[in-house]
Amino acid sequence: MPKAKPTQVIVHRIELQEKERDMLEVYVAGKTARNLVEPAVAVGSVWVAYKSAKALHEWGEDWYDRVQDRIAVLGADDPIGAAKKEGKPWWWAFYLPFATGLQK
């Protein structure tokens with residue numbers, strides 16, 4: 001049996017007060033920021049993994065010793081002083097790639 005056509009249209013309307021609008025605005029801004037940041041972090045992670053793997057491949061067999069040397073500098077009480085002892089500039093102690101010294 002066919003349905004009868006509607007005879008009236010009922011509109012439901014939801015109104016928010018100012019405080020609720022402010023809360024919704026903060027939520028939307030946070031969600032937007034999250035939607036922008038998460039893909040950037042994913043791309044950055046892939047880039048770091050690629051660069052690290054490439055550097056390890058270029059280093060060959062002695063990469064482990066080089067990594068241990070850099071970790072020793074980073075773990076020192078005075079990493080800047082330890083870098084200067086090796087004849088490196090002060091920022092070398094904190095330079096990445098990537099904290100492990102995966103660079104020749």
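**Exercise 1.** Classify valine 28 as buried, partly exposed or exposed in this predicted model.

*Solution.* The relative accessible area of valine 28 is 43%. As for its place in the fold, valine 28 belongs to helix H1, which covers residues 18–59. Together with Ile14, Leu16, Leu24 and Tyr27, Val28 makes a nonpolar surface patch of about 530 Å².

**Exercise 2.** Determine how many salt bridges the structure holds, and describe each pair.

*Solution.* The criterion is a side-chain nitrogen of Lys or Arg within 4 Å of a carboxyl oxygen of Asp or Glu. Two salt bridges are found in the structure.

- Step 1. Arginine 13 pairs with glutamate 15, with 3.1 Å between the closest N and O atoms. Both arginine 13 and glutamate 15 are exposed.
- Step 2. Arginine 34 and glutamate 38 form a salt bridge through their side chains, at 2.7 Å from N to O. These residues are four apart in helix H1, so about one helical turn separates arginine 34 from glutamate 38.
- Step 3. Arginine 34 is partly exposed, because its relative accessibility is 47%. Glutamate 38 is also partly exposed, with 43%.

In general terms, side chains of opposite charge can pair when their charged atoms come close.

**Exercise 3.** Describe the secondary structure, burial and contacts of the protein chain.

*Solution.* The protein chain has three helices and zero strands, and its pattern along the sequence is α-α-α. Of its 104 residues, 14% are buried. The protein chain exposes about 9,200 Å², of which carbon and sulfur atoms supply 61%. Among contacts between residues at least 6 apart in sequence, 45% join residues at least 24 apart.

**Exercise 4.** Identify which elements have the lowest and the highest mean pLDDT, and where pLDDT stays under 50.

*Solution.* The average pLDDT of the protein chain is 80, and 82% of the residues score at least 70. Among the elements, H1 has the highest mean, 91, whereas helix H2 (residues 63–74) has the lowest, 70. Over residues 97–104, pLDDT stays under 50. The model has 23 contacts beyond four places in sequence for residues 97–104. Where pLDDT is low, the predicted coordinates should not be read in detail.

Notes. Residues numbered from 1 in each chain as written. Heavy atoms only, no water. Patch = residues over 30% accessible without salt bridge, like charges linked within 9 Å, V, L, I, M, F, W, Y side chains within 5 Å. Areas by Shrake-Rupley, 256 points an atom, 1.4 Å probe, with all protein chains shown as cover. Helix = DSSP H or I, 4+ residues; strand = E, 2+ residues; numbered from the N terminus. Buried < 20%, exposed > 50% of the residue type's maximum accessible area, 1.4 Å probe, protein only. pLDDT = per-residue confidence, 0-100. Contact = heavy atoms within 4.5 Å.
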